[in-house]
Amino acid sequence: MTMTNNNDVVLGGGLPLGERVGQLVEAWIRDGRGRDHLVTGKAFFVVYSWYLRHWAEHDPMWGEFVAVSYDFLGGDHGWETMLRERAVCHTCDDTYRLENIGVCTGCMRYSCYACDPHGSCAGEIV
Ligand SMILES: [Zn+2]
Ligand SMILES: [Zn+2]
């Protein structure tokens, strides 16, 4: 019943982020949409930020997965609390609130918007 495995799928890199999320959504539906497939913490932050940029490209099931994960986080209150957390940009070492920093979907490191994009990474900053 741990969520760590699914967060690791998101944070582990390797496949493009969209393919990683696609695998999670498929597994979530296959297993009856249980909570143990939802993403939390940084993994949720990345998936949600990325989804907001690309929602139009994806199956409605993805939106449902994100919405249920959002509720599990605590809804609007949980999201606002998360946005006030702090993270350090991997490139410039400055500290930002999550609302002012992104994550590189290539290397899954935090990156502020002044430093983006990572030239060496195939991902985007979301
Ligand atoms: Zn930076
Ligand atoms: Zn990167």
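The model is predicted.

**Stop 1: M108**

Start by selecting M108, which sits in the loop between strand 3 and strand 4. Look at the backbone: M108 has a positive phi of about 65 degrees, although this residue is not a glycine. Is M108 buried or exposed? M108 counts as buried, because its relative accessibility is 5% and the cut-off for buried is under 20%.

**Stop 2: the zinc ion (ligand 2)**

Stay in this part of the chain and select the zinc ion (ligand 2). Which atoms coordinate this ion? The donors are SG of C104, SG of C107, ND1 of H118 and SG of C121, at 2.0 to 2.4 Å. The angles subtended by the four donor atoms run from 102 to 117 degrees, so the arrangement is tetrahedral. Along the sequence, the spacing of these donor residues is C-x2-C-x10-H-x2-C.

C107 is in the loop between strand 3 (101-103) and strand 4 (110-112), while H118 is in the segment after strand 4. The two residues are 11 apart, and the pair links distant parts of the chain. C107 is partly exposed, at a relative accessible area of 25%, whereas H118 is buried, at 14% relative accessibility.

**Stop 3: the zinc ion (ligand 1)**

Next, select the zinc ion (ligand 1). Its coordinating atoms are the SG atoms of C89, C92, C112 and C115, at 2.3 Å. This site is also described by its angles: they lie between 99 and 117 degrees among the four donor atoms, and the site is tetrahedral. The donors follow the spacing C-x2-C-x19-C-x2-C along the chain.

Show C92 and C112 together. C92 belongs to the loop between strand 1 (86-88) and strand 2 (95-97), and C112 belongs to strand 4, so this pair ties together parts that are 20 residues apart in sequence. C92 counts as partly exposed, with 29% relative accessibility. C112 counts as buried, with 1% relative accessibility.

**Stop 4: helix 2 and helix 3**

To see the contact, show the side chains of L17, G18 and V21 on helix 2, together with V46, V47 and W50 on helix 3. Of these contact residues, five are nonpolar, one is polar and none is charged.

While helix 3 is selected, find S49, which is part of this helix. S49 is buried, with a relative accessible area of 13%. Leaving aside residues up to four places away in sequence, S49 touches W79 and V126.

**Stop 5: helix 2 and helix 4**

From helix 2, the contact uses G18, V21, G22, L24, V25, W28 and I29; from helix 4, it uses M61, W62, E64, F65 and V68. Sorted by class, this contact has nine nonpolar, two polar and one charged residues.

**Stop 6: F65**

Zoom in on F65 in helix 4. F65 counts as buried, at 1% relative accessibility. Which residues does F65 touch, not counting those up to four places away in sequence? They are L24, V25, W28, H37, L38 and V39. Draw a C-alpha to C-alpha distance from F65 to L24: the two are 9.0 Å apart in space and 41 residues apart in sequence.

**Stop 7: R33**

End at R33, in the loop between helix 2 and helix 3. R33 is not a glycine, although its phi is positive, at about 60 degrees. R33 counts as partly exposed, with 36% relative accessibility.

Conventions. Residues numbered from 1 in each chain as written. Chains lettered and ligands numbered in written order. Predicted model: local features only at pLDDT ≥ 70, side-chain atom pairs only at ≥ 80, totals over all residues. Heavy atoms only, no water. Donors = N, O, S within 2.8 Å, 3.2 Å for Na, K, Ca; no water. Tetrahedral: all angles 85-135°; square planar, octahedral: opposite > 155°, others 65-115°. Helix = DSSP H or I, 4+ residues; strand = E, 2+ residues; numbered from the N terminus. Buried < 20%, exposed > 50% of the residue type's maximum accessible area, 1.4 Å probe, protein only. Contact = heavy atoms within 4.5 Å. Nonpolar A, V, L, I, M, F, W, Y, C, P; charged D, E, K, R; others polar.
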